[in-house]
Amino acid sequence: MNQRWPEWLSLNENIRALKPYGAPQIPAQVRLNTNENPYHLEEGLQSKIISEISKRVGNLNRYPDRDAVELRTSLAAYINGISKTDFSYEQIWAANGSNEILQSIVMAFAGDAMGFEPSYSMHPLITKSVGKEWISISRGPEFIFELDVAMEAIKTQRPGIVFLTTPNNPTGGSISLTDIAEVAGIALSVGAILVVDEAYAEFSKQSSAVTIIKDHPNLIVSRTMSKAFAFAGARLGYMISNPILIDAMLLVRLPYHLSELTQAAALAALQNQSGLQQQVEQIKNSRDFLEQELSKLGLNVISSDANFLMFSGFKASSQELWQRLVDRQVLIRDVGIAGYLRVTIGTESENKAFLAALQQALHS
Ligand SMILES: *Cc1c(COP(=O)(O)O)cnc(C)c1O
């Protein structure tokens, strides 16, 4: 369905053929379609956020800290704590969700962007929206990232920006740190920035690529509080890199882009994250349970390092099975890959409701 724009409207050519990002936001009792953490913020944390925000409400006549130094310091401490690194705020940049981070990166650095698909649909959408070419390289069988294919593609097509998503969305698998280091090296040799999108890093068994930033001046690791942190509604994403790349972000950010309220809420969440680890463990256990249950139903499940599972092996088309689940009040994601669907790990009761609905849907 191509939108028809009126004659008089001089829309940018590069966005004319695009479709807006469109995970359906339709009402369903069980919503397992956008990879959020299914648990509410703990009540103690909710009160801390409210009290931090209320302290600042009186000063909303003033602009916020444009450089969000306190928040970036706190993000550095969080990363240093989980990855045993030694970053300071000069190596962190924060924005309204990691999508804004990705957009700033694509605006700041020259050249076309390359990615290994299927992967996160916003990488091509953001690239095209700023008027750059998107170079799509296919993953291998079972959606595995193939290092030799990637190396060859970067050498011959010389992109300006390379995206790696690990764990990958929508497929769930990770890329090894040694492969990431190889890609960073070849990217540097053609003058490209490597962006490692780690939106799901907290769910992964593997170490973060932040641990190799010191060896790779062109490496950016993008992270978010939207997934593991149960903070999607607050909109806070960030990146970690060599400080010179952060300086480039300052050229393209909008003044005062991160509101005082966002900064206050994110700081409170970072300073009170004791419950986080337990929630992440619970989600990982549920993921492993759900993987087994789906296999018992005769489905093929791709092994996942994230908080979602992609599965295939059903007779209906993806759209049909998706609709049958919606009819049973369960919303999962049709990611546009024929024969596959993706389900986000929910609470235990949501997972049970999904399994029950799926069992019916498979046989109707
Ligand atoms: C969800 C997701 C993001 C981010 O989103 P924000 O909410 O904007 O931080 C980024 N990358 C991938 C791969 C994702 O799945």
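Entry 1, Thr224. I began with the accessibility of Thr224, which counts as buried because its relative accessibility is 2% (buried is under 20% relative accessible area, exposed over 50%, partly exposed in between, with a 1.4 Å probe and protein chains only). I note that this is a predicted model, in which local features need pLDDT of at least 70 and side-chain atom pairs count only at pLDDT 80 or more, while totals for chains, interfaces and linings use all residues. Residues are numbered from 1 along each chain as its sequence is written, and side-chain values use heavy atoms, with hydrogens and water left out.

I placed Thr224 in strand E7, residues 219-224 (strands, E, of at least two residues and helices, H or I, of at least four are DSSP runs, numbered from the N terminus). The side chain of Thr224 reaches the backbone nitrogen of Ser226 at 2.9 Å. Leaving out residues up to four places away in sequence, I found Thr224 touching Ser98, Ala199, Leu236, Gly237 and Tyr238, where contact means heavy atoms within 4.5 Å.

Entry 2, the sheet around E7. I followed E7 to its partner E8 (residues 237-241), with which E7 pairs in the antiparallel sense over 5 bridges (two strands pair if DSSP finds at least two bridges between them). In this pairing Thr224 stands opposite Gly237 in E8. The open sheet has 7 strands in the order E2-E8-E7-E6-E5-E3-E4, with mixed pairing. Strands E2 (92-95) and E4 (134-138) stand at the edges with a single partner strand each, so one side of each is left without a neighbour in the sheet. With direction ignored, neighbouring strands of this sheet are turned by 25° against each other on average (axes are lines fitted to C-alpha atoms, for helices over the stretch in contact, and angles run from 0 to 180 degrees between N-to-C directions).

I then looked at what packs on this sheet: helix H4 (residues 98-108) touches E2, E5, E6, E7 and E8, and its direction makes about 155° with that of E7. Helix H8 (residues 243-252) lies across E2, E6, E7 and E8, running at about 140° to E8.

I located Ile332 in the loop between strand E11 (330-331) and E12, and it counts as buried because its relative accessibility is 1%. The C-alpha atoms of Ile332 and Thr344 are separated by 7.1 Å, although these residues lie 12 residues apart along the chain. Among the residues that Ile332 touches are Leu32, Asn33, Phe311, Trp322, Leu341 and Phe354.

E12 belongs to an open sheet of 3 strands with the order E9-E10-E12 and antiparallel pairing. E9 (300-301) and E12 (340-344) are its edge strands, each with a single partner strand, so one side of each is left without a neighbour in the sheet. Helix H10 (residues 276-296) packs on this sheet, touching E9, E10 and E12, and its direction makes about 10° with that of E10. E9 pairs with E10 (residues 308-312) in the antiparallel sense over 2 bridges, and Val301 stands opposite Phe311 in E10.

The contact includes Leu71, Leu75 and Tyr78 of H3 and Ala266, Leu267 and Leu270 of H9.

Note on methods:
A polar contact is a pair of N or O atoms within 3.5 Å; within protein, one must be able to donate a hydrogen and the other to accept it, and residues adjacent in sequence count only if both atoms are side-chain atoms.
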